[in-house]
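Look at the sequence and the 3D structure shown here.

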Amino acid sequence: MKSFKYYFLFFGIICFISISIYAVTSFTSSNKIINPKLIIKSKTKPDTVFTLLFGGDMMGHLQMINSAYSYPKEKYEFDHWFQFVSPYIKSCNWAIANLEVTLAGKPYSGYPQYSSPDAYAVSIKNAGFDALVNANNHSQDRGKMGLERTIRILDSIDMIHTGTFKDTT
């Protein structure tokens, strides 16, 4: 029985590698940029298309936060971080990402206890993201106060979010 498990695992790994190699070679064989859209066609309306985009972690390491500060304007500006991907994000019907930081206020910090400026969330929204998930290992980096402030800031900019809540109701 034990050897059967190893054969099954070995077969699964070989299949995964084969499919991965096929996918990489078929998508990179042309010089075209691939638009990362998931297209779902409705059976009732064949010409209806709904596009989804799932972004990864929206991080905020201290070096990143510091580089976003504009000394002449005396404020944080993050919009330029998204300048090259924003057109793709905005072209989707629904874009969602993981907010891997808190918006707990000053002092701002990176790893291991993230707290990013509120302007970061505004820029994420400006980039075209419709929703954020914040159920992750950093949602409690600044404790209950940080979690509640993050929720309050996301609510104040009308950003849909899920994953953490002020209470259990």
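This is a predicted model: local features need pLDDT of at least 70, side-chain atom pairs count only at pLDDT 80 or more; totals for chains, interfaces and linings use all residues.

Residues are numbered from 1 along each chain as its sequence is written, and side-chain values use heavy atoms, with hydrogens and water left out.

Helices (H or I, at least four residues) and strands (E, at least two) are DSSP runs, numbered from the N terminus. Helix 5 covers residues 143-156, which is 14 residues. From first C-alpha to last, helix 5 reaches 20 Å, close to the 20 Å expected at 1.5 Å a residue; the expected span is 1.5 Å times one less than the number of residues. Just after helix 5, Asp158 has a positive phi of about 60°.

Which residues of helix 5 are buried? They are Gly146, Leu147, Arg149, Thr150, Ile151, Ile153 and Leu154. Buried means under 20% relative accessible area, exposed over 50%, and partly exposed in between (1.4 Å probe, protein chains only). The buried residues of helix 5 pack against strand 5 (94-99), helix 4 (118-126), strand 6 (131-133) and strand 7 (160-162).

Side chains of opposite charge can pair when their charged atoms come close. A salt bridge is a side-chain nitrogen of Lys or Arg within 4 Å of a carboxyl oxygen of Asp or Glu. By this rule there are three salt bridges.

One of them joins Arg149 to Asp118, with the closest N and O atoms 2.8 Å apart. This pair links distant parts of the chain, since Arg149 is in helix 5 and Asp118 in helix 4, 31 residues apart. Asp118 counts as partly exposed because its relative accessibility is 23%.

Another salt bridge is between Glu148 and Lys144 (3.9 Å, N to O). Both lie in helix 5, four residues apart, about one turn of the helix. An α-helix has 3.6 residues a turn, so residues three or four places apart point the same way. Glu148 is partly exposed at 23% relative accessibility, whereas Lys144 is exposed at 58%.

Glu77 and Lys73 also meet in a salt bridge (3.1 Å, N to O). Glu77 is partly exposed, with a relative accessible area of 25%, and Lys73 is exposed, at 53%.

Glu77 is also in contact (heavy atoms within 4.5 Å) with Ser70, which contacts Lys75 too, leaving aside neighbours within four places in sequence. Ser70 is found in strand 3 (residues 69-70). Ser70 counts as buried because its relative accessibility is 13%.
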